[in-house]
Amino acid sequence: MAILWVLVAAVACLLAVARFNTYKPNVKRVELQVAHSLNGGRLNILHLTDLHMEKCSVQPQALLRLVQGERIDLIALTGDYLDTKEMTGRFLQYLDVLASLKPRYGMYAVFGNHDYVINDHLPYLKREMEKRNCIVLQNEHRTVSLEEGTDLHIIGIDDYFTGRSDVDRAFQGVGDRGIRLVLTHDPNIVLEMKAVPFDYLLSGHLHGGQIHWPKPYHLKRMGKLPHLQIIRGLHYYRDRAFYISEGLGQTGLNLRLRSRPEITFHTLCESLEKSTV
């Protein structure tokens, strides 16, 4: 009986820690050199993904406190915002907070597999997002001219997990000169981009395992990357950089073990080597 109570206490403690972790996001910073001239400048990107409104413990004002005061040139959102129409209002509160940061080059978003659960609601959600100056990219791109004199191509590839990706369409008309920044939800798409040049790809989807104890065996069905032990952080495929965020919210159980919610600041700077545009 004593052993049973010890086990019950241990499980209770583990669950309490896992729940507590959902309230404590990691603010991560990544610096990446790109082979394009920025005239000594830097491009600062705030990246958020997998907000999962139904199970997000980080409130909008808490998020604001964590990012306020930062120089933010661009905001990138990479999908899985909500599963139900009822959470639309809550998600738009987060979007209002992000819009208040007034990123110099705007806010851009793609949809993830969970968003497509409410497929018939997405046109409305997209309109509301764009009212808040958040441009939603579905296999398309936008180009902005940086003050440093370089073009930035923001390429949004639709969700790979649900079979909606069209890389050729997303890149159609993208210029050969300038920085190519790819936004997508499921990072597994990178393995299908062998012949597609890009400078940086931002994604989410895998939650860093979320319940990463003892190992995230449940990710085996989530594509090839987990089989390669690639589930979070900065990686390279054929010398091209891609990043997998652990996401701000949770799915399934509102718990995290050996994984924390993530807010990421990416800084792109000019390579120390001779740059080529």
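At what angle do H3 and H4 pack, and how far apart are their axes? In this predicted model, helices H3 and H4 pack at an angle of about 25 degrees, and their axes are 11 Å apart. Angles under 35 degrees count as roughly parallel, and H3 and H4 are therefore roughly parallel to each other. On the side of H3, the contact is made by Thr 88, Phe 91, Leu 92 and Leu 95. On the side of H4, Tyr 124, Leu 125, Glu 128 and Met 129 take part. As for handedness, H3 passes H4 in a right-handed crossing.

Let us now consider H4 by itself. The helix runs over residues 122–131, and Leu 122, Leu 125, Glu 128 and Met 129 are buried in it. Why can these four be said to lie on the same side of H4? They cover an arc of only 125 degrees around the axis, and this places them on the same side of the helix. An α-helix has 3.6 residues a turn, so residues three or four places apart point the same way. On the other side of H4, Arg 127 and Lys 131 are exposed.

What covers the buried residues of H4? The cover includes helix H3, residues 88–99, together with strand E4, residues 107–110, and strand E5, residues 134–136. Just after H4, Asn 133 adopts a positive phi of about 60 degrees.

H3 also has a partner in helix H2, which comprises residues 60–67. The axes of H2 and H3 come within 9 Å and cross at roughly 25 degrees. H2 and H3 are therefore roughly parallel to each other. Here H2 contributes Pro 60, Gln 61, Leu 63 and Leu 64 to the contact, while H3 contributes Gln 93, Tyr 94, Val 97 and Leu 98. The crossing of H2 and H3 is right-handed.

I turn next to the annotation. The UniProt record, an unreviewed entry, assigns "domain: Calcineurin-like phosphoesterase" to residues 44–208. Over residues 44–208, the chain is 21% helix and 23% strand.

Finally, some details of the backbone deserve attention. Most residues other than glycine have a negative phi, and most peptide bonds are trans. Which peptide bond is cis? The bond from Trp 213 to Pro 214 is cis, with omega near -5 degrees. Pro 214 is found in the loop between strand E9, residues 200–203, and helix H6, residues 224–227.

Gln 210 is also placed in the loop between E9 and H6. Its phi is near 65 degrees, a positive value in a residue other than glycine. Is Gln 210 buried or exposed? With a relative accessibility of 5%, Gln 210 counts as buried.

Gln 229 likewise has a phi near 65 degrees, again positive in a residue other than glycine. This residue lies in the loop between H6 and strand E10, residues 233–237. Gln 229 is exposed, with a relative accessible area of 60%.

Gly 223 is partly exposed, since its relative accessible area is 30%. How far is its C-alpha atom from that of Val 174? The two C-alpha atoms are separated by 28 Å, and the residues are 49 apart along the chain.

Note on methods:
Residues numbered from 1 in each chain as written. Predicted model: local features only at pLDDT ≥ 70, side-chain atom pairs only at ≥ 80, totals over all residues. Heavy atoms only, no water. Buried < 20%, exposed > 50% of the residue type's maximum accessible area, 1.4 Å probe, protein only. Helix = DSSP H or I, 4+ residues; strand = E, 2+ residues; numbered from the N terminus. Arc of directions from axis to C-beta. Contact = heavy atoms within 4.5 Å. UniProt positions renumbered as here; feature names shortened; annotations may be inferred. Axes fitted to C-alpha atoms, helices over the stretch in contact; angles between N-to-C directions. Parallel < 35°, antiparallel > 145°, perpendicular 65-115°, else oblique. Left-handed = near helix turned anticlockwise from the far one by under 90°.
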